[in-house]
Amino acid sequence: MATSDEIAQFVADWKTDSLALKPAFMKYYGFLTQNPDLSLDFKGRPQVSYSIRAKHARQQKRDLFTLIDVIDDEPESRWLSVCFYADLVQDPQELGDFVPEGLLGEDALCFNLDENNPEMEEYIFERLREAAANAAK
């Protein structure tokens with residue numbers, strides 16, 4: 001399980017945000033932390049990614065319902081990749097990338113936020129809310 005201290009330290013250390021995506025990350029993270037039925041796991045791999053894996057307490061067969069990666073290959077230009085199991089979310093505007101066996105061996109839909117784009121940020125947020133609700137079923 002992630003400690004809030006680990007994530008807080010990552011956020012505090014994230015000083016350069018040339019793509020202005022830290023607020024989107026904080027929005028997604030805030031949503032996850034507001035639900036007491038969710039648990040978070042955090043893994044930092046500097047110069048690769050910082051990942052939050054969220055799991056709903058009612059999930060039995062899967063270890064997560066979303067993987068939120070802060071891609072750190074260029075730390076001054078970090079971007080977000082948010083992935084879900086393909087059967088947990090809809091993609092009505094077809095903005096995601098279908099990745100066969102891309103999430104722990106199961107089909108995934110991944111959404112990249114690699115520029116300051118409020119519409120895409122909100123679209124991903126809607127998928128996050130949808131996945132959390134569906135993971136609880």
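In this predicted model, strand β3 is mostly covered, with six of its six residues buried. In a regular strand the side chains alternate between the two faces of the sheet. In β3, Thr66, Ile68 and Val70 point one way, whereas Leu67, Asp69 and Ile71 point the other way, and all are buried.

Strand β3 is paired with two other strands. With β2, the pairing is antiparallel and extends over six bridges; here Tyr50 stands opposite Val70 of β3. With β4, β3 likewise runs antiparallel, joined by six bridges, and Phe84 in β4 is the bridge partner of Thr66.

Ser49 belongs to strand β2. This residue has a relative accessible area of 3%, and because buried means under 20%, Ser49 counts as buried. Apart from neighbours within four places in sequence, Ser49 is in contact with Lys43, Gly44, Asp69, Val70, Ile71 and Asp72.

The largest nonpolar core contains 43 residues, of which Phe25, Tyr28, Leu32, Ile52 and Phe65 touch the most other members. Two or more residues of this core come from each of the elements α1 (4-13), α2 (22-34), β1 (38-45), β2 (49-56), β3 (66-71), β4 (79-85), β6 (106-113) and α3 (118-135). The most is given by α3, which supplies eight residues. When residues up to four places away in sequence are not counted, Ile52 touches Ile7, Phe25, Tyr29, Leu32, Leu40, Asp41, Phe42, Thr66, Leu67 and Ile68.

How values were computed
Residues are numbered from 1 along each chain as its sequence is written. This is a predicted model: local features need pLDDT of at least 70, side-chain atom pairs count only at pLDDT 80 or more; totals for chains, interfaces and linings use all residues. Side-chain values use heavy atoms; hydrogens and water are left out. A nonpolar core is a set of buried Ala, Val, Leu, Ile, Met, Phe, Trp, Tyr and Cys residues joined through side-chain atoms within 4.5 Å. Buried means under 20% relative accessible area, exposed over 50%, partly exposed in between (1.4 Å probe, protein chains only). Helices (H or I, at least four residues) and strands (E, at least two) are DSSP runs, numbered from the N terminus. Contact means heavy atoms within 4.5 Å. Two strands pair if DSSP finds at least two bridges between them.
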